[in-house]
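Here is a short report for a reader meeting this structure for the first time. Look over the sequence and the model, then read on.

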Amino acid sequence: PGVPWGLWGSLAAVSPQDWEQRQEEDTLLIERILLLVRNVLHVPPDPTEEQQGVDGDASVHDRVLWALHISGMDDLLKFLASAQVEQQWALHVLEIISLMFRDQNPEELAALGQGTAGAEHGEDTRELETLRQRELAEKRARALQRPSRHSRFGGSYVLQGLKSIGDRDVVFHKGLHNLKSYTHDLGKEPQRLPRHRQAA
């Protein structure tokens, strides 16, 4: 299909104008061009013409989309969709975009967008996962091979018959082998005598 360059050029000249300076004719021109693009994209495919084409040949719809891309119309549509002051065209632009993707399968579009980068990313993710699993297995093996260390906690014992403060039994926190050397002064700082009172 031929590209109506005059229409796209007039839309490109009108669109970036400040909306306060835009004349009513300019607004009507923009709306008419958007409706024309919508109507062109809305034409249903002709099955007899599609069957005559060679496999892998672009359909009429695809050729129209390519012509829109070459003319820069897709950039103008993006501008109209994203500009805050051009919100009045949002529904027209939305309808045109939905008609652009009319014959497309979402899964195929997503796969095309990722391409080889997506495949490489998936392969990298699998490699990282296998490395992580191997590292976890090595950690588990090292933990099992680690010798069991003796605990420094010897336990707590109640010494019956030996009273502490308050008429309760003494609780002994050392190992049983230290029980023979137990005194009430265990763990206390020894009181130091001043030098003048120490024995010569």
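Ile-97, Phe-101, Leu-109 and Leu-112 make a nonpolar surface patch of about 380 Å². Such a patch is made of residues with over 30% relative accessible area and no salt bridge; nonpolar side chains (Val, Leu, Ile, Met, Phe, Trp, Tyr) are joined within 5 Å, and like charges within 9 Å. Areas come from the Shrake-Rupley method with a 1.4 Å probe, and for residues only the protein chains shown count as cover. Ile-97 counts as partly exposed because its relative accessibility is 33%. Buried means under 20% relative accessible area, exposed means over 50%, and partly exposed lies in between (1.4 Å probe, protein chains only).

This is a predicted model: local features need pLDDT of at least 70, side-chain atom pairs count only at pLDDT 80 or more, and totals for chains, interfaces and linings use all residues. Residues are numbered from 1 along each chain as its sequence is written, and side-chain values use heavy atoms, with hydrogens and water left out.

## The chain as a whole

The protein chain has 7 helices and 2 strands. Helices (H or I, at least four residues) and strands (E, at least two) are DSSP runs, numbered from the N terminus. From the N terminus on, the order is α-α-α-α-α-α-α-β-β. The chain has 200 residues, and 18% of them count as buried. It exposes about 16400 Å², with carbon and sulfur atoms supplying 55% of that area. A contact means heavy atoms within 4.5 Å. Take the contacts between residues at least 6 apart in sequence: 50% of them join residues at least 24 apart.

## The nonpolar core

Which residues have the most contacts inside the largest nonpolar core? They are Leu-34, Leu-41, Leu-68, Met-73, Leu-77, Ile-96 and Met-100, in a core of 17 residues. Four helices each supply at least two residues of this core: H2 (24–42), H4 (60–71), H5 (73–82) and H6 (90–100). H2 gives the most, with 5 residues. A nonpolar core is a set of buried Ala, Val, Leu, Ile, Met, Phe, Trp, Tyr and Cys residues joined through side-chain atoms within 4.5 Å. In soluble globular proteins, nonpolar side chains tend to be buried together.

Leu-77 shows some of the links. Leaving out residues up to four places away in sequence, Leu-77 touches Leu-34, Val-93, Ile-96 and Met-100.

Is His-92 buried or exposed? His-92 counts as buried because its relative accessibility is 18%. Beyond its neighbours within four places in sequence, His-92 is in contact with Glu-31, Leu-34 and Leu-35.

## Salt bridges

The structure holds 4 salt bridges. A salt bridge is a side-chain nitrogen of Lys or Arg within 4 Å of a carboxyl oxygen of Asp or Glu. Side chains of opposite charge can pair when their charged atoms come close. The table includes three of them.

| Pair | N to O distance |
|---|---|
| Glu-95 and Arg-38 | 3.4 Å |
| Lys-78 and Asp-75 | 3.5 Å |
| Arg-132 and Glu-129 | 3.2 Å |

Glu-95 and Arg-38 form a salt bridge. This pair links distant parts of the chain: Glu-95 is in helix H6 and Arg-38 in helix H2, 57 residues apart. Glu-95 is partly exposed, at 32% relative accessibility. Arg-38 is partly exposed too, at 22%.

Lys-78 and Asp-75 are about one helical turn apart because they sit 3 residues apart in helix H5. Lys-78 counts as exposed, at 52% relative accessibility. Asp-75 is partly exposed, at 47%.

Arg-132 and Glu-129 both lie in helix H7 (residues 106–145), 3 residues apart, about one turn of the helix. Arg-132 is partly exposed, with a relative accessible area of 43%. Glu-129 is partly exposed, at 36%.

## A loop residue

Where is Asp-103? Asp-103 is in the loop between H6 and H7. Its relative accessibility is 46%, so Asp-103 counts as partly exposed. Asp-103 and His-61 are 42 residues apart in sequence, and their C-alpha atoms are 8.7 Å apart in space.

## The hairpin

Strands S1 (residues 157–163) and S2 (residues 169–172) run antiparallel and are joined by 4 bridges. Two strands pair if DSSP finds at least two bridges between them. Leu-159 has Val-170 in S2 as its bridge partner. S1 and S2 form a hairpin with 5 residues between them. In the turn, Gly-166 has a positive phi of about 90°.
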